[in-house]
Amino acid sequence: MAYVITQRCCNDASCVSECPVDCIRPTPDQPEFATTEMLYIDPDTCIDCGACVDACPVDAIFPEDDLTASLERFRDINAAYFQRHPLESNFDPIISPGRPPKELGTLRVAIVGAGPAACYAADELLRRADVEIEMFDRLPTPWGLVRAGVAPDHPGTKTVSNMFESAFRRETLQYYLNVEVGTHISHEELLGHHHAVIYAVGASTDRRMGILGEDLPGSHSATEFVAWYNGHPDYADRTFDLSGERAVIVGNGNVALDVARVLTVDPDELAKTDIADYALDALRQSNIREVVVLGRRGPLQAAYTSPEFLALAHLKGVDVVVDEADLELDEASQTILDDPEVEPSLGLKYTLAKEYAAGRRAEGNKRIVFRYLVSPTALTGTERVESVEFVRNELVDVDGQLVARPSDRTETIDATMVLRSIGYRGEPVAGLPFDERRGVVPNENGRVIGDDGTPLPGVFVSGWIKRGPRGVIGSNRTDSEETVELLIADFTAGKLGVPQGDRAALKSLLAQRRADLVDRAGWKAIDQAEKSAGKTAGRPRVKFTTREDLLKAARG
């Protein structure tokens, strides 16, 4: 019997090094690791030891005999990867990364942000050095998008925070939550109390469509909607009009699929999750029966991953609708699909789309409708959004890349809510250079680069603010390891400044400036109160969704 990795995989790669027969691919040192949808286990090599199961932070690995109906297909998906990439085992000894010499003393690092990139960086530092870490976040809670971005019906993905919670129990890492760097403490002051500062602040804004009517009431970003239903305190007071029967999502990445599910799944199913109570109440009153997902390119170029697309087939009371005509491929796309070397995940995307197009529709079901090769050109309405105008696209080859170009064919569909889900964008960080075009802090492998092209001593970045908004939660692990490797190298080489203030001085300074900061004990009180309320309600947790309630819980 073999083990099977399923769609819950966050690509963290914790399982890779634990496998005694080296049968999990791709590995972090392989180029395809950066773009892969998930990891895979070779069924012919697996020895059924279960080491990978214990290492997986999101409960994504199952014995093949225990796969549920919704996960059975992943047996073939794992096997297909190795048909395309025959396993070549590498039993070279794993070389432990170097540690700074003890005579250098304790390395002090401030990490700005408390999401996955920040947490992976902290975890790597704790394993690599005698270190003291202060973790800052402007919210009263840690975990970033794990708490406020992962869809509530994906509880397995959220369990990665358990790994961080376990690693951060030591006093060597201290929380300064509800503290905003740039407001309550400056970048210069952080450097004055630490050898180095890692900024892992993510990409907090969204890209805009730049079309007429985008600012009409009823037009929102998916970023807002996701934060709203996840109970983010900055978005708890938002309102979304769900009185119409159709919503349109512009963009077809995994976030778009999350939103489509939340809008169509039975609220009784969501009631078992940690979704915000006010969002659940609103969804119970929703009249939305159809969600249309617009993608500017074809089904082969869709931004969603095949595991997330496959999961839609198992939604109760929801039909997934694809027009057979939208699956007619242009010559270049057909050539890609016919290539015997095509990645199995790409072929699976198209196969699933064909299956949805041929599937039966049940009377009374809600619908998620996928439209390909379309781009919105305007949102129309008098006082609010009433319809979406869009143009049909054609794919053209530009320097080897298939690019969507508008044709002369247009359509209009009625809709009362439009959510744009076309990507995130980083914002400037006070005191640091910023690349406006890319929306990142300029850096070389994590070292921040100044305007003169040279590294800024002691200043590093990790996560989306480093590489741009791409990749899944686990992608931040290898990204953070790269940053930490350079930080430790600079510390060992004596390239970092010497802190002028110690841990006690920093604590005193922040206590004066931020009386309601949340420390480890405060976060623990919040966490326990939410979980206790969840246990009573039969849910993982019931979230506090305002700063006032969070701070009250932190005070006990």
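Visitor: Which residues point one way from β13, and which point the other way?

Guide: Welcome! This is a predicted model. V318, V320 and V322 point to one side of β13, while D319 and V321 point to the other, and all are buried. In a regular strand, side chains alternate between the two faces of the sheet.

Visitor: What makes strand β13 largely enclosed?

Guide: A residue is called buried when its relative accessible area is under 20%. Five of the five residues of β13, residues 318–322, are buried, so the rest of the structure largely encloses this strand.

Visitor: How do you know that β13 and β14 pair, and in which sense?

Guide: Pairing takes at least two bridges between two strands. β13 and β14, the latter covering residues 366–371, have five bridges and run in the parallel sense.

Visitor: Why is T305 called buried?

Guide: The cut-off for buried is under 20% relative accessible area. T305 has 16%, so T305 counts as buried. This residue sits in the loop between β12 (290–294) and α12 (306–311). Leaving aside residues up to four places away in sequence, T305 touches E37, N254 and K349.

Visitor: Why is D59 called partly exposed?

Guide: Partly exposed lies in between buried, under 20%, and exposed, over 50%. D59 has 45% relative accessibility, so D59 counts as partly exposed. You will find D59 in the loop between α1 (51–55) and β4 (61–63).

Visitor: What is the phi of D59 near?

Guide: The phi of D59 is near 55°, a positive value in a residue other than glycine. Most residues other than glycine have a negative phi.

Visitor: What is the phi of N445, and where does N445 lie?

Guide: N445 is not a glycine, yet has a positive phi of about 60°. N445 lies in the loop between β20 (443–444) and β21 (447–449). With a relative accessible area of 47%, N445 is partly exposed.

Visitor: Which kind of peptide bond joins R25 and P26?

Guide: The bond between R25 and P26 is cis, with omega about -5°. P26 itself belongs to the loop between β2 (24–25) and β3 (40–41). Most peptide bonds are trans.

Visitor: Why is α18 called roughly perpendicular to α19?

Guide: Helix α18 (residues 520–537) and helix α19 (residues 547–554) pack at an angle of about 105°, with axes 7 Å apart. Angles of 65 to 115 degrees count as roughly perpendicular, so that is how α18 stands to α19. G522, A525, I526 and E530 of α18 meet L550, A553 and A554 of α19. By class, this contact has five nonpolar, one polar and one charged residues.

Visitor: What makes β15 and β17 edge strands?

Guide: Three strands form an open sheet in the order β15-β16-β17, with antiparallel pairing. β15 (374–380) and β17 (401–414) each have a single partner strand, so one side of each has no neighbour in the sheet. Ignoring direction, neighbouring strands here are turned by 20° against each other on average.

Visitor: How many bridges pair β16 with β17?

Guide: β16, residues 387–398, pairs with β17 over eleven bridges in the antiparallel sense.

Visitor: Which strands stand at the edges of the seven-stranded sheet?

Guide: That open sheet has the order β7-β6-β5-β8-β22-β21-β20 and mixed pairing. β7 (173–177) and β20 are its edge strands, as each pairs on one side only. Further in, β8 (residues 196–199) and β22 (residues 455–461) run parallel, joined by three bridges, and I198 stands opposite F460 in β22.

Visitor: Which helix lies across β5, β6, β7 and β8?

Guide: Helix α3, residues 116–128, lies across these strands and runs at about 170° to β6.

Conventions
Residues are numbered from 1 along each chain as its sequence is written. This is a predicted model: local features need pLDDT of at least 70, side-chain atom pairs count only at pLDDT 80 or more; totals for chains, interfaces and linings use all residues. Side-chain values use heavy atoms; hydrogens and water are left out. Helices (H or I, at least four residues) and strands (E, at least two) are DSSP runs, numbered from the N terminus. Axes are lines fitted to C-alpha atoms, for helices over the stretch in contact, and angles run from 0 to 180 degrees between N-to-C directions. Buried means under 20% relative accessible area, exposed over 50%, partly exposed in between (1.4 Å probe, protein chains only). Contact means heavy atoms within 4.5 Å. Angles under 35 degrees count as roughly parallel, over 145 as roughly antiparallel, 65 to 115 as roughly perpendicular and the rest as oblique. Ala, Val, Leu, Ile, Met, Phe, Trp, Tyr, Cys and Pro count as nonpolar, Asp, Glu, Lys and Arg as charged, and the others, Gly among them, as polar.
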